[in-house]
Amino acid sequence: MRKHIILFFSALLLFTACKFDKTPAGVIKQDKMTNLLIAVHLVDGSIYNIDPNPDSLYKFGTARYAAMFKRFHTDSAQFNRSLKYYSKHPDQLQTMYTEIIKTLTKKQDSLNKVLLKQNLKNALPAK
């Protein structure tokens, strides 16, 4: 009897320790969602360069989001459904945002290097 109890709890521990990808149907997978959120943040940042006229923000912002969703073969409804799902699973969302921050920081650093080179090039006196 004792062997059966030990075997039962060992099997239970093994099954609970395994992580299965249990994302429901209609929810974007974690790696694709990470890339999509990176694109969303880049589009959000690019909208700040648009004239703050409400019509132009709607016109150009909507077009940018539509192009981004088309590039990722999804739509805003599936994105919102997926974001709601991941919001209910903060450990997965935290993992995703760790990668997002790392990627956006790399992009910002490379852009800063290019801008620094341009500024140094422009600051040199013409011969």
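Helix α5 has 34 residues, and at 1.5 Å a residue they should span 50 Å. The end C-alpha atoms of α5 lie 47 Å apart, which agrees with that expectation. Keep in mind as you look around that this is a predicted model.

**Helix α5 and its cover**

**The largest nonpolar core**
- In soluble globular proteins, nonpolar side chains tend to be buried together.
- Here, the largest nonpolar core holds 20 residues.
- Met-33, Leu-36, Leu-37, Met-68, Phe-79, Tyr-86 and Met-96 touch the most other members of this core.
- Two or more residues of the core come from each of α2 (30–47), α3 (54–71), α4 (76–87) and α5 (90–123).
- Helix α2 gives the largest share, with eight residues.

**A closer look at Phe-79**
- Setting aside residues up to four places away in sequence, Phe-79 touches Ile-28, Met-33, Leu-36, Leu-37, Val-40, Phe-69 and Thr-74.
- Among these partners, Met-33, Leu-36 and Leu-37 are also listed with Phe-79 as touching the most other core members.

**Ser-82 in helix α4**
- Ser-82 is part of helix α4.
- Ser-82 has a relative accessible area of 0%, so this residue counts as buried.
- Apart from its neighbours within four places in sequence, Ser-82 is in contact with Gly-26, Val-27, Ile-28 and Met-33.

Conventions. Residues are numbered from 1 along each chain as its sequence is written. This is a predicted model: local features need pLDDT of at least 70, side-chain atom pairs count only at pLDDT 80 or more; totals for chains, interfaces and linings use all residues. Side-chain values use heavy atoms; hydrogens and water are left out. A nonpolar core is a set of buried Ala, Val, Leu, Ile, Met, Phe, Trp, Tyr and Cys residues joined through side-chain atoms within 4.5 Å. Buried means under 20% relative accessible area, exposed over 50%, partly exposed in between (1.4 Å probe, protein chains only). Helices (H or I, at least four residues) and strands (E, at least two) are DSSP runs, numbered from the N terminus. Contact means heavy atoms within 4.5 Å. The expected span of a helix is 1.5 Å times one less than its number of residues.
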